[in-house]
Amino acid sequence: MRKKLIAANWKMYKVPDDARDFFRNFLPLVADHSRDEIVVCPPFVDLPAAVESAKSSNVAIGGQDMHWEKEGAFTGEVSTAMLLAVGCTHVIIGHSERRQYFGETDDTVNLKLKAALEAGLTPIVCVGEVLEEREAGLTDDVLRRQCLRAFHAISAKKAAKLVVAYEPVWAIGTGKTATPQLAADAHQLIRSEAAKAFGEKLADSLRILYGGSVKPENAKALMSEEEIDGALVGGASLDPKSFAAIVKY
Ligand code: PGA
């Protein structure tokens, strides 16, 4: 059995005081929850406040992005050492908003994934098709390409901590959710790509999250699908009650 992972992606919302408020309200709501792993990924400047607030709780903290080089003249970037130094254990890589607006490519996703695994962070690698690709029947091709390139030249041993999030871009922030069946089909394809890259054993234990308009109202139906090993939640993770309701679906 794969333990589910429910992750919050706060995107560019909340200042450090908002993060503290969130945890003050959120932690009591999930205090005795051990069925699933819980991760919150705030903006970089909120990380120290989030780590401090979530200390000795059942909630882990992650970054929303990272650079693959250890250090250097890369203005505006954050390294794995920096994420680790402030207490992060997880990092989101290749979110579709990074791909769409900030020039993230399959190749930079691969570089980041290698660096995150090397550093001992748990990477949450995002893949997913845009609406035009789905409508043109290209979903499988896109997912195959994204996985193949992301997983390139990484050994099964190194990939042990890998987590993948299937996030159909047309479902992100739109209120449109993939049906559990549609998500399950995509997850099976991703799992078979992972099997090709890393072998059946790792593919069997690989957690594949679903993301895209996950809400308290649809969390149960999605999480009941055997292929879905958790959720990556944007909008509905900003409110402590609604994120807690998703965690406890
Ligand atoms: P959403 O975002 O839940 O607001 O659709 C999900 C994501 O972008 O990870």
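A polar contact here is a pair of N or O atoms within 3.5 Å; within protein, one must be able to donate a hydrogen and the other to accept it, and residues adjacent in sequence count only if both atoms are side-chain atoms.

## The model

This is a predicted model, where local features need pLDDT of at least 70 and side-chain atom pairs count only at pLDDT 80 or more, while totals for chains, interfaces and linings use all residues. Residues are numbered from 1 along each chain as its sequence is written, and side-chain values use heavy atoms, with hydrogens and water left out.

## Around the ligand

Let's start with the ligand. It has 13 residues around it, and the closest are K11, H95, E167, G173 and S213 (a residue is near if one of its heavy atoms lies within 4 Å). K11 brings a side-chain N or O atom to 2.7 Å from a ligand oxygen. H95 also has a polar side-chain atom 2.7 Å from an oxygen of the ligand, whereas S213 uses a polar backbone atom, again at 2.7 Å from a ligand oxygen.

## Rings and charges

Now for the rings. W10, F22, F23, F26 and F243 are linked into a cluster by ring pairs (Phe, Tyr or six-membered Trp rings with centres within 6.5 Å; planes under 30 degrees apart are stacked, over 60 edge-to-face, the rest tilted).

Two rings also have a charge over them (NZ of Lys or CZ of Arg within 6 Å of the ring centre and within 35 degrees of the ring normal). K14 has its charged end over W10, 5.2 Å from the ring centre, and R35 lies over the face of Y249 at 3.9 Å.
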